[in-house]
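Here is a short briefing on selected features of one protein model. Please keep the sequence and the structure open while reading.

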Amino acid sequence: MTDKFRQPIKYFALSAHGKAINYAMTPWAERLWKFIMNKEIKLQNFLSHLPNFVFDYIKLAYNGESVNTQIGYSIDIKIFLEYLQKFKFSQIENLEDFTPEHMEQINLRDLTGFQAYLKEYESDTISIDGKHIKRIRRNSSYGINRKMSGIRGLFSYLYKNDLISQNVTDKIDFKKIHQKMKRPLTTQETINLIDVIYDGEKYFTGRNLAEYQNKKQRDIALFTAYLGTGCRVSELVNLDIHDVCFETSSFIVTRKGGDEQEIFMPVQVENELFLYMQERLEIKDAKDKNALFLSRLGKRMTAQSVEKTLKKYCTIAGITDPDKARPHALRRTFACNLIADGVDIKMVAELMGHKNIEVTHKYYTQYAVQKRKEVMRNFDIIGAEE
């Protein structure tokens with residue numbers, strides 16, 4: 001890696017003769033440009049303002065992870081360096097001036113202080129018109145653990161590469177997290193949701209009806225695939241047309257970490273996806289020509305647009321629990337249905353794309369709730385007759 005590669009992105013335009021011309025962007029133009037920059041460029045630009053060893057860590061340790069994951073951990077490390085700059089290394093003017101030698105000086109007191117700092121701290125950002133904006137940031141125990149995990153990973157990387165002599169983060173304790181129980185959709189809620197998606201003509205009127213009819217088969221294919229395969233929303237929206245094979249009744253998704261997996265489709269999922277594919281292949285002017293699921297603008301659907309669409313359907317279906325109106329609730333419902341059908345936990349983990357089977361165990365908790373209810377509803381406080 002060279003310092004040249006890590007230089008901040010330069011903005012330029014093409015003249016009428018096709019020559020590149022550097023220009024000073026107005027605040028409005030800079031804001032527009034940043035909006036349309038793709039995420040990979042955003043990541044490169046963000047890392048250019050961090051030390052070399054952070055750049056190496058993010059690009060090597062998280063190779064294969066999504067750009068969003070890399071950006072997230074980059075932000076966490078930036079917050080840590082800003083904390084050190086403020087409370088330990090005030091002589092350092094720019095974050096990129098930090099070196100492994102500075103990390104060598106970090107002790108347990110610094111780390112526990114950073115943990116406490118994360119509960120509530122003030123951030124200073126610069127708006128597009130150059131004004132400083134101060135905001136109060138707060139983190140839950142989960143947020144604190146997430147940030148500390150990134151810091152621990154950074155120190156582990158430095159230690160394994162002989163850039164520091166010890167990994168002080170091994171001494172840090174993570175916050176205890178009390179998991180909130182998130183329920184799957186009930187059978188009736190699932191039926192209601194499917195009814196709205198399939199027969200929206202009964203529920204929508206006017207402009208909403210026209211919008212629904214334009215994307216009806218797309219949404220049927222998308223959400224039956226979600227309920228019928230348990231894929232993550234990111235895996236579904238990233239599907240390309242060529243990823244689907246009706247000869248094998250399967251499609252290929254890219255799991256977390258970059259591994260590919262073949263997902264076999266239930267008959268209903270395959271039928272609906274086949275019908276949608278006929279519509280999709282008729283769209284010749286799509287901006288994202290390879291994307292399977294398109295927005296009304298002809299671009300690849302995003303996770304945010306899927307969540308927005310699902311919330312609309314859930315509202316009409318009478319599903320008011322906000323946790324159940326998120327895409328992951330459909331994945332949770334898929335897993336719990338498998339467990340209720342007696343599918344072995346190892347197979348459930350395989351179908352869900354879980355590398356760690358402990359992650360799959362949490363879905364057994366949901367199933368156990370229903371079993372406990374059945375036991376208690378049939379319990380006789382007097383006891384059985386002898």
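Ser250 in β6 is the bridge partner of Cys245. The model is predicted. Ser250 also stands opposite Phe264 in β7. The points below start with the sheet around these residues, then turn to a helix pair and to one loop tyrosine.

**The sheet**

- Three strands form an open sheet in the order β5-β6-β7. The pairing is antiparallel.
- β5 (244-245) and β7 (260-264) are the edge strands. Each of them pairs on one side only.
- β5 is joined to β6 (residues 250-254) by 2 bridges. These two strands run antiparallel. Cys245 and Ser250 are bridge partners here.
- Between β6 and β7 there are 5 bridges. This pair is antiparallel as well. Here Ser250 faces Phe264 across the strands.
- β7 has two faces, one covered and one uncovered. Gln261 and Ile263 lie on the covered face. Glu260, Glu262 and Phe264 lie on the uncovered one. Phe264, on that uncovered face, is the residue opposite Ser250.

**The α14 and α15 pair**

- Helix α14 spans residues 327-340, and helix α15 spans residues 345-352. Their axes come within 10 Å. They cross at roughly 155 degrees.
- The angle is over 145 degrees, so α14 counts as roughly antiparallel to α15.
- The crossing of α14 and α15 is right-handed.
- On the α14 side, the contact is made by Arg331, Phe334, Ala335, Leu338 and Ile339. On the α15 side, Val348, Leu351 and Met352 take part.
- Of the residues in this contact, 7 are nonpolar and 1 is charged. None is polar.

**Tyr203 in its loop**

- Where does Tyr203 sit? Tyr203 is in the loop between α8 (187-198) and α9 (206-214).
- Tyr203 has a relative accessible area of 35%. The value lies between the 20% and 50% cut-offs, so Tyr203 counts as partly exposed.
- Leaving aside residues up to four places away in sequence, Tyr203 touches Asp195, Val196 and Ile316.
- Tyr203 and Tyr313 are 110 residues apart along the chain. Their C-alpha atoms are separated by 9.8 Å.

How values were computed. Residues numbered from 1 in each chain as written. Predicted model: local features only at pLDDT ≥ 70, side-chain atom pairs only at ≥ 80, totals over all residues. Heavy atoms only, no water. Axes fitted to C-alpha atoms, helices over the stretch in contact; angles between N-to-C directions. Helix = DSSP H or I, 4+ residues; strand = E, 2+ residues; numbered from the N terminus. Parallel < 35°, antiparallel > 145°, perpendicular 65-115°, else oblique. Left-handed = near helix turned anticlockwise from the far one by under 90°. Contact = heavy atoms within 4.5 Å. Nonpolar A, V, L, I, M, F, W, Y, C, P; charged D, E, K, R; others polar. Pairing = 2+ DSSP bridges. Buried < 20%, exposed > 50% of the residue type's maximum accessible area, 1.4 Å probe, protein only.
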